[in-house]
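Let's take a walk through this structure together.

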Amino acid sequence: MELRRASSLELDGGTPLHGGTELVPLLRSGIVQAETLVDIRGVVPRGIDGSTIGAGATLAELECDPQIPDALREACRLAASPQLRNVGSLGGNLLQSTRCWYWRLKWPCRLHRTSDGFGEECFAQEGEHREHAIFENGFCASAHPSDVAAALVALGATLRTNRRELPVADLYRLPSEDDRRTTTLEPGELLLSVELPQTDRSVYLKAMDRKSWGFPLVGVAAARTEGETRVALAGVAPIPWLLEGSLDDATPLPRNAYKVDVARALVKRAVSSLEAS
Amino acid sequence: MHSEVGTTLAEALRDELSLTGTKVACAEGHCGACTVLIDGVPTLSCITLVHTVGDAKVTTIEGLRDHPMVHAFVREDALQCGFCTPGQIVSAVALVDATPKPSTEEIRHAMAGNLCRCGAYPKIEEAIRTWQD
Amino acid sequence: MARLIRTEKEVEGRYEEVWLVVEEDALEQWPAGPREIVGRPATRIDGLERARGEAVYTADLKLPGMLHTAVLRSPYAHARVARIDLAPALALPGVHAAIGPGELDVLVEECGFQGVAVAAVCADTYAQARAALAAIEVDFEQLEVLIDPDEAVARGELIGEPRVRERGDLERGLAEADVVVTGEYRTQVVLHNSMETHQAVVQWLGDSLEVYISTQYIWGVRDEVSSSLGLPPDKVRVVCHYMGGGFGSKNEAGDFTFIAIELAKRTHRPVRCALTRREENLASGNRNATIQRLTIGARADGTLTALGGDYVNATGWGGWSSPVEGPMQMLYACENVKTTTWAAKINQPPMKAFRAPGFVEGTFGLESLLDVLAAKLDIDPLELRRHNYATNDAADGRPYSSKNLLECYRRAEPHWERRHEVRARSTETVKRGVGMASQIWYGGGGPPSYAWVRVGADGRATVVTAMQDIGTGTRTAMAQIAAEELGIPLAHVTVSLGDSARGPFASISAGSSTTPSMGPAVRAAAADARRQIEEIAEQRGTPDAPLGEIVGLLEDAQILGKGGRGPNPTGMQVLTFGVQVAEVAVDVETGEIWVDRIAAVHDVGRVINPLGASSQIEGGIIQGIGHTLSEHRLHDPRTGQILTTSLDAYKLPTFADVPEIVSELIDEPDMQLTNLGSKGLGEPPIVPVAAAISNAIRDATGAEVHELPISREEMLRALRAAALKEKVGAPAGI
Ligand SMILES: Cc1cc2nc3c(=O)[nH]c(=O)nc-3n(C[C@H](O)[C@H](O)[C@H](O)COP(=O)(O)OP(=O)(O)OC[C@H]3O[C@@H](n4cnc5c(N)ncnc54)[C@H](O)[C@@H]3O)c2cc1C
Ligand code: SF4
Ligand code: FES
Ligand code: FES
């Protein structure tokens with residue numbers, strides 16, 4: 001393996017490395033292989049300037065910056081641990097892989113490459129799935145772990161890369177038989193910044209198994225602009241989940257129906273707190 | 001130091017420099033035992049590649065041995081087996097550098113990334129509260 | 001005069017008879033209450049080196065030329081090694097040796113659980129060893145897995161015979177009852193997760209062996225290793241100066257030690273074998289899951305007439321059947337009791353002792369159901385417990401050596417009284433309540449254990465004994481005892497421990513036994529030294545001269561005292577007791593639980609170090625909270641493979657999970673027990689935590705919790721069940 005420092009936004013096939021909190025463990029466990037790592041900390045913007053946030057900003061910077069809307073600030077504050085937030089970047093957070101234990105333990109599931117293509121089974125569906133998805137879990141039942149992404153989706157944020165601009169929600173795609181990817185990031189594409197539109201108020205609520213340092217069992221972000229409220233959830237679908245219909249549409253698996261109850265309560269609270277204030 | 005790319009800061013410190021004050025309990029970013037300061041910022045050395053450190057200043061427990069926080073930990077009995085303790089002290093020092101008199105809330109928030117299986121938390125909180133005594 | 005006697009010895013609730021050489025223990029106990037040094041708070045004498053990162057743990061040890069080991073462990077819960085070829089591993093750079101099934105007892109071909117060792121490689125670096133491991137060619141033939149403990153019992157797949165313990169007549173007791181309550185309770189698999197993983201560094205020196213190991217029992221390791229290798233025991237030196245936690249999982253040598261020994265033998269190099277965190281969570285033991293089907297019968301006045309329990313220990317592929325029925329047998333006076341305990345042999349990693357094994361689980365079931373009974377009878381839970389207080393050992397009628405549980409209850413009253421105020425703070429969605437549970441457990445320690453005390457001309461003393469300090473602060477407690485007995489300042493005592501070649505036999509640090517086992521020996525040794533000094537003073541005609549003056553004459557001469565641990569009182573039951581009161585809040589919509597406060601009152605005899613004791617209580621309670629709310633080893637239901645081997649998936653309590661903890665100790669010496677009157681405190685505090693929390697939840701919400709951990713799903717299930725019951729209407733009263 002080789003490591004170099006990026007001097008421009010063109011990485012020539014290298015794998016971008018920012019804080020490494022996600023990538024380094026994946027490399028060391030052999031889930032990700034890379035010949036060349038490119039330290040992109042010097043080329044990805046990291047400042048916070050009003051409504052524009054560099055993708056290189058750390059979660060620790062975001063959690064205490066008063067310019068940041070509550071939902072995003074709180075999502076950062078409740079994510080991971082202090083040491084991880086100190087180096088974990090916004091961009092890296094948006095691109096983190098699933099925490100599905102089967103995937104992390106390299107079970108040859110639908111999201112893992114095998115010697116001949118991809119795995120054919122989702123082990124979680126008939127296995128242990130208490131932390132898994134309650135929406136869109138028919139192909140892959142993984143639950144998206146990013147608090148931050150849910151907050152950005154609720155806030156209606158836009159993402160700028162070295163190739164394009166897109167709504168944050170469009171960074172994500174549901175994996176399918178023909179295309180197993182969970183993001184639309186192209187090879188060589190770098191996240192550069194996030195643009196936040198004006199919102200009046202926003203909030204983030206999170207349910208975990210312990211009081212801190214837990215991935216979201218359910219995370220609920222809600223943002224209100226000119227009388228309209230957008231709600232997005234973490235931990236309930238393979239991608240950050242914009243709640244357009246109702247939680248009655250959820251299709252929980254046998255051991256995770258509780259997530260529907262939790263989500264319902266948190267959505268109700270998030271929405272009413274925005275209306276009340 | 002001539003480590004291969006992929007070597008972590010924790011490995012470099014412990015195996016190559018024999019600075020074994022920094023402990024490794026999980027080696028994958030899940031416990032905080034390996035916390036060191038990089039330019040004053042608490043960082044997990046077990047998932048930091050040593051080649052990314054550059055010329056940043058790394059402070060380990062070896063560099064904090066005479067810090068009043070060490071004595072506060074002993075005085076308040078803020079350690080049991082002691083294996084998580086160097087990491088706890090490193091995090092605590094960074095906290096009080098920024099906030100000399102942290103509130104309970106601030107202590108709990110800043111220390112949430114250092115697991116202690118022995119459960120010394122209440123006494124650690126007390127040590128941080130009284131570190132200047 | 002030395003005597004050889006036969007006496008009973010208890011560790012973790014298991015009894016055995018041992019031969020013992022005892023000296024006359026002529027020492028009177030000190031009067032109750034704090035002394036000059038004993039009974040007063042002391043900071044750890046080894047605190048500074050630990051805090052400064054100078055203490056060398058096994059994990060930090062580097063011997064010249066040391067090789068590193070990686071172990072191939074079965075990835076499957078049940079499989080047979082169909083083919084294995086180590087040659088490709090041996091061909092890789094840096095690799096010195098590789099061993100597989102048939103070459104060492106702990107390397108197996110028939111894999112009964114995921115994580116059992118199959119092969120091992122050692123190399124110059126750990127990375128090379130890992131790479132070599134990956135190069136081993138191995139085919140596993142997967143076999144049918146059995147993971148459901150009930151099914152294992154039905155099929156007769158058991159470890160040992162079912163344990164039936166019966167007194168009186170359960171059926172008669174049920175017939176006499178005005179009320180009968182039943183309940184099924186389940187507890188999960190919990191992982192020790194000591195911060196330092198299991199590991200050893202070994203080296204051969206000629207025909208002798210040095211084993212540096214993270215262990216709770218250096219003598220146990222010495223005996224296990226020497227007998228399995230056929231070496232004279234003193235050819236095996238076992239060393240553990242500092243260790244990073246054990247909690248019951250480090251009582252034995254373990255596969256890693258034997259692997260390192262064999263590889264060191266083959267390579268003529270020192271060899272390290274250390275488990276990774278992930279291996280630790282597969283192969284180093286666990287608190288096994290249990291299923292408890294319980295029945296309690298009582299008269300309208302609360303008198304218990306019948307206690308019945310069918311217990312299944314999901315023991316795993318090996319291990320022993322923990323005394324999960326212990327609390328039902330021992331906690332309350334009741335004439336008719338019958339318990340049956342099965343140990344299910346399933347394709348899961350073997351259990352190991354974990355802080356009060358069995359009693360934590362059994363107390364959760366029993367004490368939860370007792371509160372259901374209290375509600376049915378409309379009797380205050382604390383009154384119900386007092387009403388059924390046992391004055392002699394409930395199981396066999398023996399007198400207790402001491403028991404101050406009533407005093408614990410009395411001191412718990414102010415905490416218990418808070419429940420009205422706490423409940424009143426409930427809101428529409430956040431319900432608050434208070435619950436309590438009693439604690440019973442062993443902790444008397446036992447013989448043999450020996451110590452030497454050396455006093456030099458400078459008036460300072462060194463305690464020498466080959467025990468280990470696993471983080472409980474025993475080094476400090478021993479120094480306090482010696483300082484007290486010698487009448488010198490604590491700072492003038494050092495303690496040399498952790499080395500089987502440098503000190504006499506000392507007790508295992510498990511079963512809350514270190515202080516009650518070692519303390520009396522240290523005191524006896526210090527008293528022996530003091531007696532010699534007094535004799536010299538007498539001979540010199542200055543009987544009242546201070547110690548410093550007498551030993552000041554010694555130059556290079558030294559006073560050597562020796563002491564042994566006397567037997568436990570014959571015919572008596574030595575136990576620890578306590579009660580905890582928990583205050584919780586429950587969000588009835590999201591199932592979130594907050595433990596706000598736990599008050600703990602325990603009776604463990606004389607307290608040596610109140611500071612260290614409060615740390616032990618806090619640590620036990622915090623582990624208990626993890627056990628109750630968030631920790632859960634999960635497995636794939638189809639294959640039995642473990643899914644939570646890393647600390648992101650297996651959720652230990654963090655700083656943010658810690659409640660206010662108020663602790664109190666009765667501090668009454670047990671007058672029957674040794675020259676100290678101290679019992680152990682390592683385990684009692686974890687015993688009642690889960691039950692107190694689940695009872696508080698019931699108090700807050702009316703919901704009956706039946707499973708640990710009380711995850712969101714269990715909490716919401718219990719709330720739904722309670723709501724349904726209310727809708728259907730409470731069952732007719734008594
Ligand atoms: C134990 C643990 C707990 C956590 N808990 C939470 C939680 O509760 N909630 C939550 O939301 N998150 C959580 N996280 C995720 C954490 O926030 C992310 O790991 C972190 O933000 C990633 O940032 P990084 O800079 O370290 O990314 P890296 O590890 O450097 O990179 C991650 C991935 O993104 C790619 N990448 C990084 N930056 C860019 C860029 N600018 N453009 C293109 N590609 C890029 C990398 O190639 C890599 O694939 C947790 C992580 C850990 C390890
Ligand atoms: S949930 Fe997705 S990642 Fe997990 S096993 Fe199923 S397909 Fe794989
Ligand atoms: S050792 Fe680095 S976080 Fe656990
Ligand atoms: S003191 Fe043992 S893990 Fe913290």
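A polar contact is a pair of N or O atoms within 3.5 Å; within protein, one must be able to donate a hydrogen and the other to accept it, and residues adjacent in sequence count only if both atoms are side-chain atoms. Between chain A and chain C there are 16 residue pairs in polar contact (both at pLDDT 80 or more). Keep in mind that this is a predicted model, where local features need pLDDT of at least 70, side-chain atom pairs count only at pLDDT 80 or more, and totals for chains, interfaces and linings use all residues. Residues are numbered from 1 along each chain as its sequence is written, chains are lettered from A and ligands numbered from 1 in the order in which they are written, and side-chain values use heavy atoms, leaving out hydrogens and water.

The chain A side of this meeting place draws two or more residues from each of α6 (101–104) and α8 (258–276) of chain A, where helices are DSSP runs (H or I, at least four residues) numbered from the N terminus. Helix α8(A) gives the largest share, 7 residues. Sorted by class, that side has 13 nonpolar (Ala, Val, Leu, Ile, Met, Phe, Trp, Tyr, Cys and Pro), 14 charged (Asp, Glu, Lys and Arg) and 2 polar residues (the others, Gly among them).

What about salt bridges? There are 11 between chain A and chain C, each a side-chain nitrogen of Lys or Arg within 4 Å of a carboxyl oxygen of Asp or Glu. One of them joins Asp261(A) to Arg720(C), with the closest N and O atoms 3.2 Å apart. Overall, 29 residues of chain A and 35 residues of chain C take part in the contact, meaning heavy atoms within 4.5 Å.

A cavity is a set of points on a 1 Å grid over the protein atoms alone where a 1.4 Å probe fits but cannot get out, and its lining residues have an atom within 4 Å of a point. The structure holds 4 cavities of 30 Å³ or more, a volume being the space filled by probe spheres set on the points, which are joined across faces, edges and corners.

Among the 13 residues lining it, Cys100(A), Cys109(A), Leu111(A), Cys122(A) and Cys140(A) lie nearest the centre.

Note on methods:
1 Å grid on protein atoms, 1.4 Å probe; cavity = no way out; pocket = protein on both sides within 12 Å on 5 of 7 lines; lining within 4 Å.
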